[in-house]
Amino acid sequence: MYESMDAARIVAYFKGKRILITGATGFLGKILVEKILRVQPDVNKIYLLVRGTNESSAKQRVQQEVIGTDLFGKLREKHGDVFQQFIQDKIVALPGDIICDNLGLETPKLETLAKDIDIIVNIAATTNFYERYDVSLDVNVMGVKHLCQFAQQCSNLKMFMHVSTAYVCGDRDGLILENPIQPGESRREGRYLDVDAELRLVSEAKKELMADASRHELKTTETKAMKELGLQRARHFGWSNTYVFTKAMGEMLLLEELQLRGTTDMAPVVIMRPSIITSVLADPLPGWMQGTRTIDTLIIGYAKQNLSCFLADLGLVMDVIPGDMVANAMMAAMVAHSEEAAAVPPPVYHVTSSLRNPVTYSVLYESGRRHFYPNPRVGKDGKVIPTREMRFFPTVAQFHLYMMLTFKLPLEILHLVNLLLCGLFSRLYNDLNRKYKFVMHLVDVYAPFALFKGCFDDMNLERLRLTITMKTPEDHMFNFDTKIIDWDDYFTRIHIPGVLKYLCK
């Protein structure tokens with residue numbers, strides 16, 4: 001790693017580079033693409049692998065879902081009338097998919113790309129906690145394998161960066177180190193996690209479903225079965241949901257590939273593990289965000305006043321990190337390790353805040369109260385939605401008891417009355433029962449995050465941060481020191497308004 005870096009060195013590194021980025025239509029992917037283009041307009045090419053039937057549809061997706069977003073406003077303003085030409089010169093939309101062999105690209109295109117690429121950044125993932133198990137395995141696990149296979153063909157590759165999540169640690173308490181996950185490692189003692197066995201299990205389960213279900217009901221039955229299987233297998237091995245479970249397997253497979261290949265003639269590999277990524281703190285558009293994060297469920301529910309209670313211990317630390325800080329850390333890590341020899345295991349970075357600048361759920365809640373009481377939401381009918389207090393329950397047992405007495409028992413009474421009156425209240429009962437089940441499912445999936453008691457060690461990230469000098473205003477372009485964040489101010493003035501503007505349209 002360099003003894004020291006400044007903004008000029010980081011910016012200079014990306015000059016003339018050819019970069020392949022997966023997951024560019026996602027939140028973090030957009031931030032990274034915009035940042036590189038803005039600070040280094042002389043980057044040679046940024047290839048964006050996106051799902052599309054052909055080149056035209058891929059270009060359209062990139063234009064609508066990436067370039068056309070508010071995030072690119074500063075860059076659009078900077079280049080003025082030549083903005084679209086600049087984008088056309090720098091961005092190449094590739095119609096493909098990491099779940100496919102050869103990334104879904106035709107052989108001539110793949111071979112040409114392999115000769116060009118200097119850097120691969122894998123951000124692509126399905127982040128749905130309750131995703132189908134087969135889909136999660138395809139994207140979060142096999143996608144990593146396909147990218148590794150492609151990387152082996154890249155003759156000029158200088159860096160392979162894989163973006164994971166800090167929560168691959170599973171259900172743990174205490175200090176969680178920046179250690180790689182070994183192949184076969186499980187969070188339940190005595191259980192060996194075999195990725196190939198999991199792939200076979202899914203294949204067999206789908207065959208059984210096809211044999212048992214009619215063509216008409218197959219899709220619905222298969223979707224539910226695959227979702228349930230994912231949660232079941234995750235919890236069997238000690239992970240809270242399908243997303244973090246398959247991301248952990250993706251890391252295992254990456255390490256396995258590196259161990260098989262060895263370090264000879266291999267580009268450096270870096271694993272980045274951000275925690276809960278929140279809205280942009282400063283650069284280029286404070287408050288900008290996309291996609292509902294764990295904590296935003298609480299904010300949106302409070303804003304719309306359709307969530308009267310939630311499972312959360314307000315005294316616990318929630319590990320959050322603004323999206324622009326994650327992109328800054330990624331770019332710094334690329335520069336720091338590109339000149340190094342490849343290492344097995346690869347360096348791991350926790351891009352987190354719980355150790356360096358912890359913030360509790362109570363800070364978020366109080367920030368919400370301060371925002372919504374003087375600025376209540378207005379409903380579709382134009383009437384003000386009155387802001388009420390929300391009840392929090394620090395344990396699953398307390399929450400379940402409250403839900404049973406407040407909602408489940410009245411529902412059962414309504415069900416009985418409905419039967420006696422020949423279905424007079426069927427629509428009301430079905431609607432309330434559906435909402436009840438949704439809340440209970442939401443809590444079941446999110447509970448491990450809401451009650452998470454671990455603290456992420458970030459010593460590797462701190463060492464990286466200390467290599468970056470902060471002597472000029474430009475150096476702050478790549479700041480990822482969470483100690484500078486006043487969380488109360490950030491939530492009240494930036495994040496909550498961002499949620500309302502971009503997620504509650």
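Which residues are linked in a network of salt bridges? Glu-34, Lys-35, Arg-38, Lys-74 and Asp-283 are.

**Basis of the views.** The model is predicted: local features need pLDDT of at least 70, side-chain atom pairs count only at pLDDT 80 or more, and totals for chains, interfaces and linings use all residues. Residues are numbered from 1 along each chain as its sequence is written, and side-chain values use heavy atoms, with hydrogens and water left out.

**View A. The salt-bridge network.** A salt bridge is a side-chain nitrogen of Lys or Arg within 4 Å of a carboxyl oxygen of Asp or Glu. By this rule the model holds 27 salt bridges. Glu-34, Lys-35, Arg-38, Lys-74 and Asp-283 are joined in a network of them.

**View B. Arg-356 and Glu-462.** The closest N and O atoms of this salt bridge are 3.4 Å apart. Arg-356 lies in the loop between β11 (348-351) and α13 (361-372) and Glu-462 in helix α16 (residues 459-467), so the pair ties together parts that are 106 residues apart in sequence. Helices (H or I, at least four residues) and strands (E, at least two) are DSSP runs, numbered from the N terminus. Glu-462 is buried, at 16% relative accessible area, whereas Arg-356 is partly exposed, at 22%; buried means under 20%, exposed over 50%, and partly exposed in between (1.4 Å probe, protein chains only).

**View C. Arg-369 and Glu-366 in helix α13.** These side chains form a salt bridge (3.1 Å, N to O). The two residues are three apart, about one turn of the helix. Arg-369 is partly exposed at 25% relative accessibility, and Glu-366 is partly exposed at 33%.
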